Amino acid sequence: MSITFTAAALLLVTTARAAFPDCINGVLKNNNVCNTSASPLNRAIALISLFTIAEKLNNTGNSSPGVPRIGLPPYQWWSEALHGVANSPGVQFTSSGDYSYATSFPQPITMGATFNDQLIRDVGTVVSTEARVFNNAGRAGLDFWTPNINPFKDPRWGRGQETPGEDPYHLSSYVHALIDGLQGGYDPKYKRIVATCKHFAGYDIENWNGNFRYQFDAQISSQDLAEYYMPPFQSCARDSNVGSFMCSYNAVNGVPTCADPYLLQTILREHWGWTNEQQYVTSDCDAVQNIYLPHEYAATREEAVAAALIAGTDLDCGTYYQNHLPAAFEQSLFNESTLDQSLIRRYSALVRLGYFDPPEEQPYRQLSFNDVSTPEAQKLAYKAAVEGIVLLKNDGLLPLSLQNSSSIALIGSWANATQQMQGNYFGQAPYLHSPLYAAQQLGVTVNYAQGVTGQGDPTTGNLLPVWTAASQSDIIIFADGIDDSVESESKDRVSISWTGAQLDIIGQLASYGKPMIVLQMGGGQIDSLPIKNNPNISALIWGGFPGQDGGVALIDIITGKAAPAGRLPITQYPVSYINEVPMTDMSLRPGPHSPGRTYKWYTGTPTYDFGTGLHYTNFSASITSPVMQSYDIASLTSNCTEKYLDRCSFLSSPFSVTVSNTGTTASDYVTLAFLTGSFGPTPYPKKSLVAYQRLFDLAGGAADTARLNLTLGSLARYDEQGNRVLYPGDYAVVIDTPPLAMVNFTLTGEQRVLEEWPQPPGKRGGSGVEGLEGYFVGGYGSGQGGEEQPME
């Protein structure tokens, strides 16, 4: 049988507006897919039973042409909403008026610094509500490929700005709240949208040193995989019931993730139980093609697409499935039932979104453009920016006291940032308020000069206005750092330093003897040790990518209209870090050729540690929960009634920490609880975040109590096989960095496995492509696990 279809059919949906099937008068009205009392599974099965084999194959790509003869319209599965409805194939903004904008929140790296899960839930609710509005107008799909939940372990990674930070517990808690907001609950009658956790798994390199993400084979031990790279995805699948996953470009231990049944079936669907709603997996865009080349995993194109489909990749973002699955089917490389399964999973998701149901029965179909960029959404975008800004240095200058006669020099490539503040994966914002705009609202004189244009500009031709602005002003604010021009998708960094030109300007401005503030902007950290150590620079603030109202948030923090309480969600390493470990080394623990990764394992001295964040006041903390000196492991586990032992509570009530504002300025406070001690396999991590809670608006002299949920999983560690184990030993819970309070206890008895990690199959790796063996390689110094000394 020859299976063919036209290129026109593949392209149809890229220009077609989204539409809904007609279950009242259309061809489908008598099919069970339109029966609202039937289960989503049975409804999807009924729909797919109407497809011919050619129609099934034709609808395997993100631009699905539908089946016109039965009234199934085209559908674009690819829409984006990382921090607001965003430009993407499925989203169509107008040039003006309604549907020309959507609320643009800070990038996740900045929102991660808030350590406020309720804020993240609220942001997810606004983003998905606005996504529904666009869908109702035929300007977006219902499947959104967000969030990026890969841990940000190396500051050079170009896409780290898309993530909440480096800590796996933090990411797990963050994404649990976010999915609740995005999907409208963990088990709603109708999902608001389908969220997609990406990129599964071990993905955190773009193009460093010639190691392109499309060909990179991440060598990850079972211990590191289970302990670090997987927890956020477990939170997505097992604990949050996310509707979709995206497999990544890279391979893990020899197998491209989109062709890996160990990842997509054994771990994701079987071990985490991600099967209750027929959820689906999409490839990253053209990752299926990468299985053939450059991964050389399959010998032919047909074998590549068959491997992906059988492994559990249900949708190809691209056209490789549509082009090559027909021939693969003719070669009997997969069964039609496997193809049916992939389609049923995806169309079950559309059923759960109400795609086939009468609009009058669905609350989300009643939304209109009046529900976009509401006053509440605008306040939330501002709140997210304020709460995510981190004060790193302050000699007492801040909050700034200004008079009408005051003058400010506002200098740097971020001083008048607008679209820059959004970072990548952005949409059209209703407005973009720069620091310059915000400063001009203060009623003081503002002398603005751009100076160098970011890290790519070493020239001095634009510097004369800088010195004029500085000499004419009482106070100097220098706003600069990095942006999408040096860190973004497909663009890793090779340096974590300020440039020579940037530091030259900073140093000369500091020599003026005037109060000076530096705003360090961008997602990945740059080493600000020269600024930290310069006594002529009074304050340093990290702002990340603060979104549509970021400039106002920054100026409000500087002037004291808002008080800083954000915490760094990543480690700020010294510049020497880039010469100590290659990006390709996926191991976390220190070794002969690595100082270790993240705050847990790094053996050097960070410029600023994970969790750092100053305030305009002082706080004290005391642990008020009764904690015994010793606990028996068998008793702790025998009292558990949870399905998963790691979710069992450690104490009979929340772990309580009383926090007191001992100063005079009202401020939020983020309570960070770390676990440390001597237990489990060596080496021991320095500390591990196990709980957090943001307390709000503590007045001077006031106190509040953080109630933290410590579980048996909080106390566990991972053995070399990736098993999660509760070990006997000496433990301590430490509050904040540097510590404000600590309590010690001991676990006794026999160790207990809380979660047994599935072991990978013995044979890993593909067949190769004849004539291209060993053709795709990384640059010198790209070895993993200390195979080569790195060079930058």
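**View 1. The lining of the second largest cavity, sorted by class.** In this predicted model, the lining of the second largest cavity has 10 nonpolar residues, two polar ones and no charged ones. About 80 Å³ of space lies inside that cavity. To find the spot, look for Ala81, Leu82 and His83, then Pro108 and Met111, then Val123 and Val127. Thr146, Pro147, Tyr174, Leu178 and Leu182 complete the lining. H6 gives the largest share, with three residues. The model's count of cavities of 30 Å³ or more comes to five.

View 2. Now move to the loop that runs between strand E3 (143-144) and helix H6 (168-183), where Arg159 has its place. Is Arg159 buried or exposed? Arg159 counts as buried, because its relative accessibility is 0% and the cut-off for buried is under 20%. Leaving out residues up to four places away in sequence, Arg159 touches Asn148, Lys198, His199, Tyr203 and Glu206, as well as Arg213, Asp284, Tyr425, Ser488 and Glu489.

**View 3. Two polar contacts of the Arg159 side chain.** The side chain of Arg159 makes a polar contact with the side chain of Tyr425 at 3.3 Å. Another polar contact, at 3.1 Å, joins the side chain of Arg159 to the side chain of Glu489.

**View 4. The second largest pocket.** Here's an open site to look at, the second largest pocket, with a volume of about 410 Å³. Its lining is made up of 23 residues, and those closest to the pocket's centre are Gln215, Phe216, Asp217, Phe776 and Val777. How many residues of each class are in this lining? There are eight nonpolar, 11 polar and four charged residues.

**View 5. Residues 669-739, a span with a UniProt label.** UniProt, in an unreviewed entry, lists residues 669-739 as "domain: Fibronectin type III-like". What is the span made of in terms of helix and strand? In the model, residues 669-739 are 56% strand and 6% helix.

Methods: Residues are numbered from 1 along each chain as its sequence is written. This is a predicted model: local features need pLDDT of at least 70, side-chain atom pairs count only at pLDDT 80 or more; totals for chains, interfaces and linings use all residues. Side-chain values use heavy atoms; hydrogens and water are left out. UniProt positions are given in the numbering used here, feature names are shortened, and annotations may be inferred rather than shown by experiment. Helices (H or I, at least four residues) and strands (E, at least two) are DSSP runs, numbered from the N terminus. Buried means under 20% relative accessible area, exposed over 50%, partly exposed in between (1.4 Å probe, protein chains only). A polar contact is a pair of N or O atoms within 3.5 Å; within protein, one must be able to donate a hydrogen and the other to accept it, and residues adjacent in sequence count only if both atoms are side-chain atoms. Contact means heavy atoms within 4.5 Å. On a 1 Å grid over the protein atoms alone, a cavity is a set of points where a 1.4 Å probe fits but cannot get out, and a pocket is an open set with protein on both sides within 12 Å along at least five of seven lines; lining residues have an atom within 4 Å of a point. Grid points are joined across faces, edges and corners, and a volume is the space filled by probe spheres set on the points. Ala, Val, Leu, Ile, Met, Phe, Trp, Tyr, Cys and Pro count as nonpolar, Asp, Glu, Lys and Arg as charged, and the others, Gly among them, as polar.
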